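I opened this entry to record what I looked up, beginning with the ligand surroundings and then turning to the strands.

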Amino acid sequence: MKKLVICTCRTYHRIPQNILNEAVKTATDAGITCEIVPDLCREGASGGKKFDDETFVFACQTRAVKAMFGQETNCMDIREISEEKIQKAVKSLVEPEEWIPWFPVIDETRCIQCGKCADFCMFGVYAKEDGRIRVVHPASCKTDCPACSRICPANAIIFPKSNEARLNGALPEAVKPSSEDQTSFRERLEYRKKVRLFREN
Ligand code: SF4
Ligand code: SF4
């Protein structure tokens, strides 16, 4: 069931009443259920609840929401909520964009299980399972983001949809990451911040 979930944050009261009213009206007019939750953190603490990709959540910390309620959860920061963003969120539920299957594949013959890709990706695409790094949420990968492949020390990450031979596995031999690819920690943080802003807008 398509649903808009809005956390009114009992502790910090982060949503003005007029915006809340607007959200309820916009969702209801579009035939979507709007659920007002007084404290989503409390529900997260009790565990068990998961959202699917038919739910759009407005809450404080988008990454924490995904970690608590599932990486598939569509989420936007409530502190940046506006009428326009509510309309966008509702539209994304009514007319979901077709997924472009852009995602990483790990070449097991090269991977050295260092875990850098999993530490780097902020969208939960990777996880460690049975002592090995695996792609567990391919659909959470951001289209055209090849960032983790650039920091992989074994050049083991392939993006089949990429046009670049270095990324799509067309090169027969492993290519060591160039100095350009070995971006500094600061640059990587900046990059991830940009991706986050892009996603939330
Ligand atoms: S960064 Fe590369 S080598 Fe390290 S775990 Fe990920 S895929 Fe394997
Ligand atoms: S390409 Fe970007 S979003 Fe996709 S898995 Fe790598 S770091 Fe995560």
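How many nonpolar, polar and charged residues does the shell around ligand 2 have? I was working from a predicted model, and by class I found 10 nonpolar, no polar and one charged residues in that shell. I then listed the residues around ligand 2, which are Pro104, Phe120, Cys121, Phe123, Val125, Cys141, Lys142, Cys145, Pro146, Ala147 and Cys148.

For ligand 1, I noted 14 surrounding residues, of which the closest are Cys111, Cys114, Lys116, Cys117 and Cys152. When I sorted the shell around ligand 1 by class, it divided into 11 nonpolar, two polar and one charged.

Next I turned to strand β3, which spans residues 55-59. I found that five of its five residues are buried, so the strand is largely enclosed by the rest of the structure. Looking at the side-chain directions, I saw Thr55, Val57 and Ala59 pointing one way from β3 and Phe56 and Phe58 pointing the other way, and all are buried.

I then checked the pairing partners of β3. Strand β1 (residues 3-7) runs parallel to β3 and is joined to it by four bridges, and within this pairing I noted Phe58 of β3 as the bridge partner of Ile6. Strand β4 (residues 74-77) is likewise parallel to β3, with four bridges between them, and here Ala59 has Asp77 in β4 as its bridge partner.

Note on methods
Residues numbered from 1 in each chain as written. Chains lettered and ligands numbered in written order. Predicted model: local features only at pLDDT ≥ 70, side-chain atom pairs only at ≥ 80, totals over all residues. Near = placed C-beta within 6 Å. Nonpolar A, V, L, I, M, F, W, Y, C, P; charged D, E, K, R; others polar. Buried ≥ 20, exposed ≤ 12 C-beta atoms within 10 Å, placed from the backbone. Helix = DSSP H or I, 4+ residues; strand = E, 2+ residues; numbered from the N terminus. Pairing = 2+ DSSP bridges.
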